[in-house]
Structures are given as C-alpha cells and as structure tokens.
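This report walks through a structure for a reader who is meeting it here. Please keep the sequence and the model in view while reading.

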Protein chains: 2
Amino acid sequence: MPKFMDVHRGFVGVTAEQLQEAHDADLKVEGEEGVHFERAWLDPKSGLVFCLSEGPSAEAVQRVHEKAGHPADEIHQVDIEV
Amino acid sequence: MPKFMDVHRGFVGVTAEQLQEAHDADLKVEGEEGVHFERAWLDPKSGLVFCLSEGPSAEAVQRVHEKAGHPADEIHQVDIEV
C-alpha cells in the first residue's frame, strides 16, 4: 500500500491537545477509505503539520481529511523511504 | 531534544539507492553536531524529501546536511507529535 506525507498550513499556535483531536477525527473515519494515519508532527511556530499515512491513493487520504474537517494543502506519495 | 522535519526540493527521479546514499552521508557526519536522522521519505515525482531528525537546533541539523552536500530548503521544529 502506498505511503503519503501530507502537509497542512495555518496551524499556528495549535496545542498538542488540539492536534490530538484533529488526528482522532481522522482515525475515526479513515477506515471508510482504507487509509491509516500513522503519525503527525506540528511546528506551532510556522503552523505546518506533516501527516504520514498509508492508503490506496492520495484522493482517499484527502477524502479522510475532508471528512474530518481539515483538507490537506499538499499530498505527496512517498514511494521511497529510508 | 527537539525534533525537526526538514524539506528538500529538486529530488525528481531520485532512486532508493541514491536516497540511501544521501541518508548515509548524513549519518556519517551527524555525530559531530549531536544530531540523529531517524527517517527520510521521498516523492520521486514532486522531488520532495522529508527528513525526520532530532538534535540541539535547526542550525545543527542544517550543518549536517551542508556537510553531506545537500542543504535543506526548509527546517521545521516539530515540537508536537501524535
């Protein structure tokens, strides 16, 4: 199954609790799209969030984020990992 | 120790072997700066590489990448992780 790294902008000042809530919203609906979100990292100063997931397609990853209320700004299929 | 996600652009068409070589070059010199690169992910279509590391500062992370011959385009301190 392909892996994806997606990027969200605008999360300046977001707390750990708020990021956990957003991540939990993804986990709640991800099964409908065959996606699994593994981890997410936030830089609260620049407001960037990086989410690592696996799933059938970038479109499926985006549908999960849309259903959870926070569509991604970029989704990259990371076919190579070290 | 803070964690960092850095982003490199321009790695279009780079292979797994080439990414491994670049990652190995980081690992070879990272100790001089007290940095450790954990993982890296590449989208060979968009040419973006995401590197996850921990270290004392973004500057230290960049010095490792510079010594290895591939300075990062962005370095984000990811203080929050889920």
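In this predicted model, chain B is superposed on chain A by a rotation of 180 degrees with 0.0 Å of shift along its axis, at an RMSD of 0.0 Å, where the copies are fitted by least squares on the C-alpha atoms of residues with pLDDT of at least 70 in both. The two copies are thus related as by a two-fold rotation axis. Within chain B, the C-alpha that lies nearest this axis belongs to Phe50(B), 4.6 Å from it. The copies meet through the same surface, because 100% of the interface residues of chain B are also interface residues in chain A, contact meaning heavy atoms within 4.5 Å.

Residues are numbered from 1 along each chain as its sequence is written, while chains are lettered from A and ligands numbered from 1 in the order in which they are written. Local features need pLDDT of at least 70, side-chain atom pairs count only at pLDDT 80 or more, totals for chains, interfaces and linings use all residues, and side-chain values use heavy atoms, with hydrogens and water left out. The mean pLDDT (the predictor's confidence in each residue, from 0 to 100) of chain A is 98, and 100% of its residues reach 70 or more; the model scores ipTM 0.94 and pTM 0.96.

Helices (H or I, at least four residues) and strands (E, at least two) are DSSP runs numbered from the N terminus, and two strands pair if DSSP finds at least two bridges between them. One open sheet has five strands in the order E4(A)-E1(A)-E3(A)-E2(A)-E5(B), with antiparallel pairing. Its edge strands, each pairing on one side only, are E4 (74–77) of chain A and E5 (80–81) of chain B. Another open sheet of five strands has the order E5(A)-E2(B)-E3(B)-E1(B)-E4(B), again with antiparallel pairing.

| Strand pair | Bridges |
|---|---|
| E2(A) and E3(A) | seven bridges |
| E1(B) and E4(B) | four bridges |
| E5(A) and E2(B) | two bridges |
| E2(B) and E3(B) | seven bridges |

Arg39(A) stands opposite Leu52(A) in E3(A), and Val7(B) has Glu74(B) in E4(B) as its bridge partner. Between the chains, Glu81(A) has Trp41(B) in E2(B) as its bridge partner, while Ala40(B) is partnered by Cys51(B) in E3(B). E2(B) and E3(B) form a hairpin with four residues between them, and Gly47(B) in the turn has a positive phi of about 80 degrees.

Helix H2 (residues 58–67) of chain A lies across E1, E2, E3 and E4 of chain A and runs at about 45 degrees to E1(A). Helix H1 (residues 16–29) of chain B lies across E5 of chain A together with E2 and E3 of chain B, at about 155 degrees to E2(B).

A cavity is a set of points, on a 1 Å grid over the protein atoms alone, where a 1.4 Å probe fits but cannot get out, and its lining residues have an atom within 4 Å of a point. Grid points are joined across faces, edges and corners, and a volume is the space filled by probe spheres set on the points. A search of the whole structure finds three cavities of 30 Å³ or more, and the largest cavity holds about 90 Å³ of space. Of the 13 residues that line the largest cavity, Leu19(A), Ala22(A), Asp26(A), Val49(A) and Cys51(A) lie nearest its centre. H1(A) gives the most to this lining, with four residues.

Notes. Axes are lines fitted to C-alpha atoms, for helices over the stretch in contact, and angles run from 0 to 180 degrees between N-to-C directions. On a 1 Å grid over the protein atoms alone, a cavity is a set of points where a 1.4 Å probe fits but cannot get out, and a pocket is an open set with protein on both sides within 12 Å along at least five of seven lines; lining residues have an atom within 4 Å of a point.
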